[in-house]
2 protein chains.
Amino acid sequence: MATELKDLTKRSENYSQWYNELVVKADLAEQADVRGCMVIKPYGYAIWEKIQHILDGKFKETGVQNVYFPMLIPKSFLSKEAEHVEGFAKECAVVTHYRLKASEEGGVVVDPAAKLEEELIIRPTSETTIWNTYRKWIHSWRDLPVLCNQWCNVMRWEMRTRLFLRTSEFLWQEGHTAHATREEAEERAKQMLKVYADFVEQYMAIPLIQGVKTATERFAGALDTYTIEAMMQDGKALQSGTSHFLGQNFGKAFNVQFVDKNNQLDYAWATSWGVSTRLMGALIMTHSDDNGLVLPPHLAPIQVVIVPIYKGSEGLAHLDSKLNALAARLRERGISVKYDNADNRRPGFKFADYELKGVPVRLVMGERDMAKGTIEVMRRDTLEKEVVPFEGIEDYVEKLLEEIQQHIFVKAKTFLDSHIYPCDNYAEFKERIKDGGFFLCPWDGTAETEAQIKADTQATIRCVPFGVDQSNPGTDMVSGKPAKFKVLVARSY
Amino acid sequence: MATELKDLTKRSENYSQWYNELVVKADLAEQADVRGCMVIKPYGYAIWEKIQHILDGKFKETGVQNVYFPMLIPKSFLSKEAEHVEGFAKECAVVTHYRLKASEEGGVVVDPAAKLEEELIIRPTSETTIWNTYRKWIHSWRDLPVLCNQWCNVMRWEMRTRLFLRTSEFLWQEGHTAHATREEAEERAKQMLKVYADFVEQYMAIPLIQGVKTATERFAGALDTYTIEAMMQDGKALQSGTSHFLGQNFGKAFNVQFVDKNNQLDYAWATSWGVSTRLMGALIMTHSDDNGLVLPPHLAPIQVVIVPIYKGSEGLAHLDSKLNALAARLRERGISVKYDNADNRRPGFKFADYELKGVPVRLVMGERDMAKGTIEVMRRDTLEKEVVPFEGIEDYVEKLLEEIQQHIFVKAKTFLDSHIYPCDNYAEFKERIKDGGFFLCPWDGTAETEAQIKADTQATIRCVPFGVDQSNPGTDMVSGKPAKFKVLVARSY
């Protein structure tokens, strides 16, 4: 058995440690030499590339075009939108100089002569620099909508970091749209949330709660923040993507005015929306188990691994010709296959390694199987093994991959549904929240009760969920006042 | 005629200004609000995405995997490789603080309490941080080779900048490989140069001179730098991609040791290689003309534009049904088509605009063409128009796109070949270099004569070109000493 696997902490022992170990042992990412930053390794990056590729196509289907804006933002831009600066100034990497010079003691020091007149910030998000440019692009309603997106790195100086979940530098996409009307901008913000939700459910196999954030939890500068919230196996929430209706806040802050159809000057309406490498954290924590990663077939870099069991080079030659041909036939169907006939590791070690890496389907064939015309199939999600006829195995595998994709979604959905609790008793809430889960609670709509819940339990209002009957929300469980909404409350990552 | 086009400076009047205007007028990029940085606009980014997509596939075919390393590098890393720090310390953006705070006069100021213990550099290139990590990945020959690449942004504080050609921040890919033997590393460095050269010639339609840099022009820290040099229409060289054999310099600087097959400890051998958004500059300057961009069909975001000529909505309806169907049939063949039936611009304006944007093929159909069963075809490279039968137009267009791709390559190759001059007379060289062109000159191999040429003429030795008979290089044109090589000398971007 792989030594990596033997050492993996069990989820039931320490969920948090299990996650930290798994990210490293499965070769997804590791701590970088710079505090709070990560190195995304080839296997992890291959998953991220699949996420990027699929999402990028879906953005483009809605008319979005990719662009690139500079990573450095003049300090003064940040202050132009009052709430935005509050939200982001505290955690900025600041560039103050543009040159090093040789030090007398050897090495290099910052050259004091190369001090910038105005400091530059590494983008924590790009609304300010993009809206300062939109002013030059937008003059008439004919210039609208502007639908731009960029895939890039951003930086938020986090004090407590965890690989993928919260790192100082992370990769993401940020969409920034400008519109002629409020309605169109609100529609776009909701549309992009739907794009995210469909992607996360269909490709990542992660079931979601969708909703709108409270004023406290909104993006700094937004009128409304829409969110998708996923439940991890410890019952905590992980905010997996957000889409913001920004009103005219950035249009006004950066004076982006246009002549509308009635020949009147108006400020442009804005949205922004993003998902990040955080999704990798959600993917890992939703499906994986004590044996390692469980990857949804739609995102697995290797969907099928084929391992021959043989003695001597002659035995291998027979298996090679048969299994290389099988690998080729599977690849023709668009399935990504690894044929591992290397003799550097014993089969048991290979098995444990591919389990750790979450390869959805494993095919194993020995000389006896070959004689009998059979092959062994193992599915990673249930670890079930089956011996099936070699003839027709391509169809079998293709169907099985879809079945696994569906199965891990249904499994996660069952888990989510069985851990959502209606609750209007605060004492009960305080006790039960310790075990995790999403609580559907009546809320009076005030920031005070929201703060109280957080102070008492560390839980936050994740959102006012869509699709919940809000006609009779009941009585706020904290204040005893009439509730305005039923809200989803949970501890979160 | 489009006002943008009317204003475009002619190449013969001012080549440099023609370029600067074209980049902006064709909606490729513009100056950002941060000095020396650029905004890459949707049309420009669409070309860059095609470049990325094709190159990325070619890298992967050679076994390269994508990764992501942090953009911030501890200052001390830079000093570990002696030559590397010389080459890059002078132009670094330096992060010294990690927080802003509200100022008493309003706005935000750098929080002096949030000073970093060790300053961080925004990567100008990532050898140092990557090799510091490779130390953890590489222990045995079994761990080798390591073949990683990343697509990312980098920052070099340039004083004089031009869109795409030289910007403080730019986008690129950087490959970093580690090997067990010198031979394998040298082989990889050459292999990646070939990948670049094939791509640039076959997709960008830019003919190249390949060769190896002199010691003076090498990458800081390399033993050998291989280069591809393209010739712009003004006869200047543009270095379009480089691949470096780094020897054991970084292996030693970062103590990356491994146990080889003979159980001996050795330092790992390295290469690195990169191309950047500079390629966009090469693309524009090689093919474009006084009417605007000329794009090679293999990289054009829109390969075919179809414009109907009509009076009234009934006329349009007929054309729409015929031309939408044509567009669909072309798309089925993998051709990207824009059908522009919008009534917001006159046909003449549309024509000029698509010429400016370099769309390779324009199809125009009026009601009379429809009656006669014909369609007008214009090819952007020669601006030739032809009326051809509508029947079979798909085949015609598909062939024409390939023909244009070949034609602009041949045209550029003819230009290049006719502007390479053998020259061993320094007086003649000094006179003729003013008009541009590549000069093949005997060189004594010393840095002194190299420096002399540069001081006298601003020209540099671009490379010792491959494929040139070096058996009898002659006499150095500056020093009169026996030459070691024939080298390519040119002014460059």
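In which sense do β5(A) and strand β5 (residues 94–97) of chain B pair, and over how many bridges? They pair in the antiparallel sense, over three bridges. Strands here are DSSP runs of E with at least two residues, helices are runs of H or I with at least four, and both are numbered from the N terminus. Two strands count as paired if DSSP finds at least two bridges between them.

This is a predicted model: local features need pLDDT of at least 70, side-chain atom pairs count only at pLDDT 80 or more, and totals for chains, interfaces and linings use all residues. Residues are numbered from 1 along each chain as its sequence is written, and chains are lettered from A, with ligands numbered from 1, in the order in which they are written.

**The two copies**

A:V95 stands opposite B:V95 in β5(B). Chain A can be laid on chain B with an RMSD of 0.0 Å by a turn of 180° and a shift of 0.0 Å along the axis. The two copies are thus related as by a two-fold rotation axis. In chain A, the C-alpha nearest that axis belongs to A:V95, at 2.1 Å. The superposition is by least squares on C-alpha atoms of residues with pLDDT of at least 70 in both copies.

In total, 49 residues of chain A are in contact with 49 residues of chain B. Contact means C-beta atoms, placed from the backbone, within 7 Å. Strand β5 (residues 94–97) of chain A gives the largest share of chain A's side, four residues. That side has 29 nonpolar, 11 polar and nine charged residues. Of the interface residues of chain A, 100% are also interface residues in chain B, so the copies meet through the same surface.

**Chain A**

Chain A holds 15 helices and 25 strands. Its C-alpha atoms fill a box of roughly 80 × 65 × 55 Å along the principal axes. Buried residues make up 49% of its 493 residues. A residue is buried if 20 or more other C-beta atoms, placed from the backbone, lie within 10 Å of its own. Among contacts in chain A between residues at least 6 apart in sequence, 69% join residues at least 24 apart.

Strand β10 (residues 169–179) of chain A has 10 of its 11 residues buried, so it is largely enclosed by the rest of the structure. A:H176 in β10(A) stands opposite A:C148. In β16(A), its bridge partner is A:S272.

| Strand | Partner | Bridges |
|---|---|---|
| β9 (residues 146–155) of chain A | β10(A) | 10 bridges |
| β10(A) | β16 (residues 269–276) of chain A | eight bridges |
| β19 (residues 361–366) of chain B | β20 (residues 374–379) of chain B | four bridges |

**A sheet in chain B**

An open sheet of five strands in chain B has the order β18-β17-β19-β20-β21, with mixed pairing. β18 (337–339) and β21 (385–389) of chain B stand at the edges, each with a single partner strand, so one side of each is left without a neighbour in the sheet. The twist averages 25° from one strand to the next. B:L363 stands opposite B:V377 in β20(B).

Helix α10 (residues 312–332) of chain B packs on the sheet and touches β17 (304–309), β18 and β19 of chain B. The direction of α10 makes about 170° with that of β17(B). Helix α13 (residues 393–417) of chain B lies across β17, β19, β20 and β21 of chain B, at about 10° to β20(B). Angles run from 0 to 180 degrees between N-to-C directions, with axes fitted to C-alpha atoms, for helices over the stretch in contact.

Definitions and conventions
Two residues are in contact if their C-beta atoms, placed from the backbone, lie within 7 Å. A residue is buried if 20 or more other C-beta atoms lie within 10 Å of its own, exposed if 12 or fewer, and partly exposed in between; C-beta atoms are placed from the backbone. Ala, Val, Leu, Ile, Met, Phe, Trp, Tyr, Cys and Pro count as nonpolar, Asp, Glu, Lys and Arg as charged, and the others, Gly among them, as polar.
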